[in-house]
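Subject: Structure handover

Hi,

Here is the structure you will be working with. My notes on it follow below.

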Amino acid sequence: MSPESTGQNEHYIRVYRRRFRAWRGNRPFWAGLFTMAGGVPIAYFPYANMHLGNVTLAMSTTAGAGSLIIGVLLVTLGLTMWFHSIVRVFAGVAAILLALISIPVANIGGFVVGFLLALVGGALSVSWAPGEAPSAEEPFDEQTSRRTASPNGVPYEERSEDRPDATTVPLQQNAALGAAAGDDGGSRRAG
């Protein structure tokens, strides 16, 4: 075994962290987290009591059951975004609608906190799209840990040694083709 391989000597926390990062990258993780975090205050506040000295302030309203249902549905939608990401658009739209319904039903949407969290979570879920896996035919540079060809197959220019912060730019494929075909830069006249 070479001294560079870290497969067996790697700490288990790093392994779990890498697995969690890979799991999180394949689903709308933050959308589900925000949606679940929005469901908690919406469900909690109608049943909470606040104590101010000897005075107990009960925030329960007649819509307590509706608040509980909305909160539980938001938590369920957040879990659905995590574990069944194929229905992310439906779950996002449902989370947005439930967040809007929570304004009149659940103490102004869990005192606006739950409303905003559920709204952001639903919007993130609707806008999330799965990434494309890199194809096996694209070359990969192990030293720089990046692709040497752009997603459309055009090779990247080599990085300049005198400009280490320069970004890689795709080569122009049509430049040599246009000069070979007699293209004079668009100065042709009709007729």
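This is a predicted model: local features need pLDDT of at least 70, side-chain atom pairs count only at pLDDT 80 or more; totals for chains, interfaces and linings use all residues.

Strands S1 (residues 49-52) and S2 (residues 55-58) run antiparallel and are joined by 4 bridges. Two strands count as paired if DSSP finds at least two bridges between them. Strands here are DSSP runs of E of at least two residues; helices are runs of H or I of at least four; both are numbered from the N terminus. Histidine 51 stands opposite threonine 56 of S2. The hairpin of S1 and S2 has 2 residues between the strands, and glycine 53 in this hairpin takes a positive phi near 70 degrees.

Residues are numbered from 1 along each chain as its sequence is written, and side-chain values use heavy atoms, with hydrogens and water left out.

Now the packing on H6. Helix H4 (residues 88-105) packs with helix H6 (residues 113-127) at about 160 degrees, and their axes are 7 Å apart. H4 is therefore roughly antiparallel to H6. That label applies to angles over 145 degrees; under 35 is roughly parallel, 65 to 115 roughly perpendicular, and the rest oblique. Axes are lines fitted to C-alpha atoms, for helices over the stretch in contact, and angles run from 0 to 180 degrees between N-to-C directions. The H4 side of the contact (heavy atoms within 4.5 Å) includes Val93, Ile96 and Leu100, and the H6 side includes Phe115, Leu119 and Val126. By class, this contact has 12 nonpolar, 4 polar and 1 charged residues. Nonpolar means Ala, Val, Leu, Ile, Met, Phe, Trp, Tyr, Cys and Pro; charged means Asp, Glu, Lys and Arg; the others, Gly among them, are polar.

Helix H2 (residues 29-44) also packs with H6, at about 155 degrees, with axes 7 Å apart. So H2 is roughly antiparallel to H6. On H2, the contact residues include Trp30, Phe34 and Pro41; on H6, they include Val113, Leu117 and Leu124. The contact of H2 with H6 has 12 nonpolar, 6 polar and no charged residues.

One last residue. Glycine 110 sits in helix H5 (residues 107-111). Glycine 110 is buried, at 0% relative accessible area. Buried means under 20%, exposed over 50%, partly exposed in between (1.4 Å probe, protein chains only). Glycine 110 touches Pro41, Ile42 and Phe45, not counting residues up to four places away in sequence.

Best wishes
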